[in-house]
Amino acid sequence: MSIHASLAASISRRVWVSSATKFHGSASECACRIYNASRPLQPSNSNHHRRPRRNLGRMASGTSQSKSVCPSSGTPLLTPAGPLFEYNSVMSPHTFSTDTNDDEDELDVSSLPKGDDNLTERVKPSESDYFFIPQVKLHDGDGGQRKRVLVLCTGGTLTMAPNPDMGGALSPVPGALTDFMKSMLELTNPKMPDVVVHEYSPLLDSSDMGPPDWQVIARDIKANYLHFDGFVVLMGTDTMAYTATALSFMLENLGKPVVFTGSQVPIAEPHSDARQNLIMSLIFAARHVPICEVTIFFHDRLIRACRAQKVNTGELHAFDSPNIPPLATTGISIKENDHMILPPARGVLRVHTRMDTRLLALRLVPGFDDKILQHTIEVGAESGSLRALVLQLYGTGNAPAVKEDFINCLKRANDLGILVVASTQCHVGTVMMGHYATGKALERAGVVSSNDMTLEAISCKIAYMMGRGDLSKDEIAQLMCVSMRGEVTHSDALPCPPFSSTFQRASRKGRYYY
């Protein structure tokens with residue numbers, strides 16, 4: 001077995017657990033529900049199904065039930081998945097804390113086992129016996145005949161309206177999504193799923209979201225995983241590609257669809273694109289033959305999250321996947337690219353919440369000063385604040401090889417244990433290390449290729465692999481071009497370089513790895 005195959009097998013190691021418990025509730029409890037911010041939240045009445053949480057390896061210390069407060073009434077409410085908002089999340093009413101009691105986010109390498117059995121959390125049926133989402137009935141209907149979808153709303157343009165206190169600037173409005181969905185007659189259609197909506201407090205602009213907030217979303221999906229058929233995450237578009245890509249790595253062995261969406265026009269505007277995006281996202285999250293990946297739906301296409309980029313700020317077609325076609329497109333009917341869809345997961349859902357973001361992305365420009373990069377590498381290595389450096393290079397991964405100081409700087413970074421990854425500045429295309437003389441010089445300096453990955457996928461994949469704690473720098477480097485969630489095209493399937501021989505072109509024809 002090659003080292004690539006063995007390392008990939010280690011990443012994808014499966015663990016069997018007992019069969020999933022079934023949700024116990026009446027049809028009225030399963031009917032379409034929506035969060036109503038004006039009334040106190042009530043915990044589920046199925047307490048006889050509740051079991052104490054187990055200590056599964058290195059889990060967060062705050063796994064017991066705790067109280068949170070309704071934003072409008074101040075009524076304490078019980079949440080089975082722990083605090084509704086983590087202390088280190090900007091979605092939390094608390095400020096960031098450096099409390100080291102939560103070992104979920106602090107990695108003690110000395111305490112790690114030799115295997116990977118206890119490095120990440122595992123989802124077992126007994127961990128979450130009821131969900132924390134408030135149960136407020138919206139429409140009459142037989143919930144037993146419909147699929148169930150959980151909508152998590154973090155904010156974004158979709159929930160915004162002009163704020164007089166800010167000079168008419170757009171800002172999130174709590175409850176706007178709730179009021180909008182109450183008026184949607186489409187949700188009463190028997191073909192639509194039962195919907196439960198949860199709005200975080202406070203609602204955020206996506207620019208304010210980061211890894212701690214990704215953890216909150218991942219944990220909430222984990223806590224409700226056994227009670228819903230699909231999940232829809234509503235957020236702003238600016239960092240949606242990063243958040244969705246991070247979730248695709250954090251949710252290993254995902255067996256249910258997780259669809260991200262938002263809007264370019266606020267929901268309060270009559271020409272808003274929010275209605276179409278929301279309805280189609282619910283449909284994709286509740287299809288009878290679901291696409292069990294983390295995806296982004298926008299305008300008329302469903303895109304794999306770890307292949308997506310925001311490409312337009314002024315059009316409704318805001319997202320695209322540069323190097324592969326979309327998973328599905330919508331029109332009069334839904335057209336799926338079946339050959340693009342990943343095979344179903346074979347193991348239980350595993351949630352990885354450690355993301356080591358000690359990395360830096362630099363875009364090269366002609367005439368840049370090498371001394372700035374040298375200083376950054378030396379200081380970052382000495383303080384331990386830099387573990388990976390992503391360079392956006394010219395064309396197919398070229399850099400000025402005549403600048404010996406620059407090449408020596410990259411060699412120095414590699415010797416100091418810093419992973420150096422090469423990506424392309426081009427929107428479409430791939431890195432071809434070694435095709436040109438300048439690329440050969442980078443290879444000799446220890447620079448690693450990222451093939452055709454987006455910058456979002458590169459950064460999130462590195463943060464995920466470094467956060468695991470069981471991979472060395474050399475192993476991470478070898479796994480950069482190995483597809484884990486469909487984020488990269490295999491090297492054998494990349495386009496042939498110019499002036500390739502007939503044999504080289506024929507040997508790659510028809511070979512696709514997504």
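How many salt bridges does the structure hold? I counted a salt bridge as a side-chain nitrogen of Lys or Arg within 4 Å of a carboxyl oxygen of Asp or Glu. The structure holds 15 of them.

A note on the ground rules: this is a predicted model, where local features need pLDDT of at least 70, side-chain atom pairs count only at pLDDT 80 or more, and totals for chains, interfaces and linings use all residues. Residues are numbered from 1 along each chain as its sequence is written, and side-chain values use heavy atoms, with hydrogens and water left out.

Entry one. I looked up Arg307 and found its side chain in a salt bridge with Asp452, at 3.1 Å from N to O. Arg307 lies in the loop between strands S12 (301-304) and S13 (309-310), and Asp452 in the loop between strand S21 (448-449) and helix H9 (455-468), so the pair ties together parts that are 145 residues apart in sequence. Helices (H or I, at least four residues) and strands (E, at least two) are DSSP runs, numbered from the N terminus. I then checked burial: under 20% relative accessible area is buried, over 50% exposed, and in between partly exposed (1.4 Å probe, protein chains only). Arg307 is buried at 2%, and Asp452 is buried at 6%.

Entry two. Asp470 and Arg468 form a salt bridge at 3.0 Å, N to O. Here Asp470 is partly exposed at 24%, while Arg468 is buried at 3%.

Entry three. I also noted a network of salt bridges linking Asp300, Arg301 and Asp320.
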